[in-house]
Amino acid sequence: MVKNGSSVYLALVHYPVYNKSNEVIASAVTNLDIHDIARCAKTYGISKYYIVTPLEEQAVLVKKIIRHWTDGYGAKYNSDRQRALELVDVKDDIAALVEDIEKKTAKKPKIIVTAAKKYAKSISYLDLKEVISSRGDDYLLLFGTGWGLEKSIISSADYILEPVIGRTDYNHLSVRSAVAIILDRLFSK
Ligand SMILES: C[S@@+](CC[C@H](N)C(=O)[O-])C[C@H]1O[C@@H](n2cnc3c(N)ncnc32)[C@H](O)[C@@H]1O
């Protein structure tokens, strides 16, 4: 739960994303993204962290990793990690996770997408913070993998967040870094 009772959800999308040749692919799930983004999500009060992949064997792998750290030896070994990994769930596609959220909250979350590129209708961090703190909606933050979210995901979103721009023209943040910076800009005390 973040400001004014709004719930914010976060998803790491592995399909549809682009590869280096701008083809639409399903990218591979990485163990680091599961752990690091879960710990970030827990730190900033994100209600749930969804891993989106249509690939059955990848989904099985993610569920195994979650079980290890929430029920298995990992949970005994590191209860702090357990608390973070308890936030994680796996869904086939974005529609399925929106449905999951709606079932729980009876509210359709507003979708916020992120990208390294600025779009005409990109919203600033300050303006989005204002939106989140003033309206009682729930929000779903989408992060991509590979070379970014497929264009229909970007164009169908309620909000496109401005890119994180550093002090140089180098613009190749890892998604884990982008998540950390963006959650801190939007939800830090
Ligand atoms: C490796 S990046 C893909 C970078 C890709 N060129 C793009 O336009 O998003 C994977 C994800 O990290 C996030 N990301 C990477 N750089 C970002 C930036 N500068 N600002 C905001 N989000 C960023 C986005 O969610 C992106 O889909």
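Predicted model: local features only at pLDDT ≥ 70, side-chain atom pairs only at ≥ 80, totals over all residues.
## Charges over rings

Arg-81 lies over the face of Trp-69, 5.5 Å from the ring centre. A charge sits over a ring if NZ of Lys or CZ of Arg is within 6 Å of the ring centre and within 35 degrees of the ring normal.

Residues are numbered from 1 along each chain as its sequence is written, and side-chain values use heavy atoms, with hydrogens and water left out.

## Overall build

The chain has eight helices and nine strands. Helices (H or I, at least four residues) and strands (E, at least two) are DSSP runs, numbered from the N terminus. The C-alpha trace spans about 50 × 45 × 35 Å along its principal axes. A compact globule of 189 residues would have a radius of gyration near 16 Å, and the chain agrees with 16 Å. That radius is taken over C-alpha atoms, and the globule rule is 2.2 Å times the number of residues to the power 0.38.

Of the 189 residues, 48% count as buried. Buried means under 20% relative accessible area, exposed over 50%, and partly exposed in between (1.4 Å probe, protein chains only). Among contacts with a separation of 6 or more, 79% join residues 24 or more positions apart. Contact means heavy atoms within 4.5 Å.

The largest nonpolar core has 41 residues. Tyr-49, Leu-128, Leu-183 and Phe-187 have the most contacts inside it. Helix 8 (residues 175-187) gives the most to this core, with six residues. A second, separate core has 19 residues, including Ala-11, Val-52, Ile-101 and Ile-111. A nonpolar core is a set of buried Ala, Val, Leu, Ile, Met, Phe, Trp, Tyr and Cys residues joined through side-chain atoms within 4.5 Å.

What does Leu-183 touch, not counting residues up to four places away in sequence? Its partners are Leu-10, Cys-40, Ala-41, Tyr-44, Ile-46, Leu-141 and Ser-188.

## Helix 1 and its cover

Helix 1 (residues 31-43) has 13 residues. From first C-alpha to last it reaches 19 Å, close to the 18 Å expected at 1.5 Å a residue. The expected span is 1.5 Å times one less than the number of residues. Just after helix 1, Gly-45 takes a positive phi of about 75°.

Asp-33, Ile-34, His-35, Ile-37, Ala-38, Cys-40 and Ala-41 are buried in helix 1. Their cover includes strand 1 (8-13), strand 4 (48-52), helix 2, helix 4 (79-85), strand 5 (88-91) and helix 8.

Helix 2 (residues 56-70) holds Gln-58. Gln-58 counts as buried because its relative accessibility is 14%. Leaving aside neighbours within four places in sequence, Gln-58 is in contact with Ser-27, Ala-28, Val-29 and Thr-53.

## One aromatic pair

A search of the whole structure finds one aromatic pair. Tyr-73 and Tyr-77 are stacked, 5.8 Å centre to centre with 25° between the planes. Rings of Phe, Tyr and Trp (its six-membered ring) pair if their centres lie within 6.5 Å; planes under 30 degrees apart count as stacked, over 60 as edge-to-face and the rest as tilted.

Both tyrosines lie in helix 3 (residues 73-77), four residues apart, about one turn of the helix. Tyr-73 counts as exposed at 55% relative accessibility, and Tyr-77 counts as exposed at 57%.

## An exposed loop glycine

Gly-146 lies in the loop between strand 8 (139-143) and helix 7 (151-155). Is Gly-146 buried or exposed? At 53% relative accessibility, Gly-146 counts as exposed.
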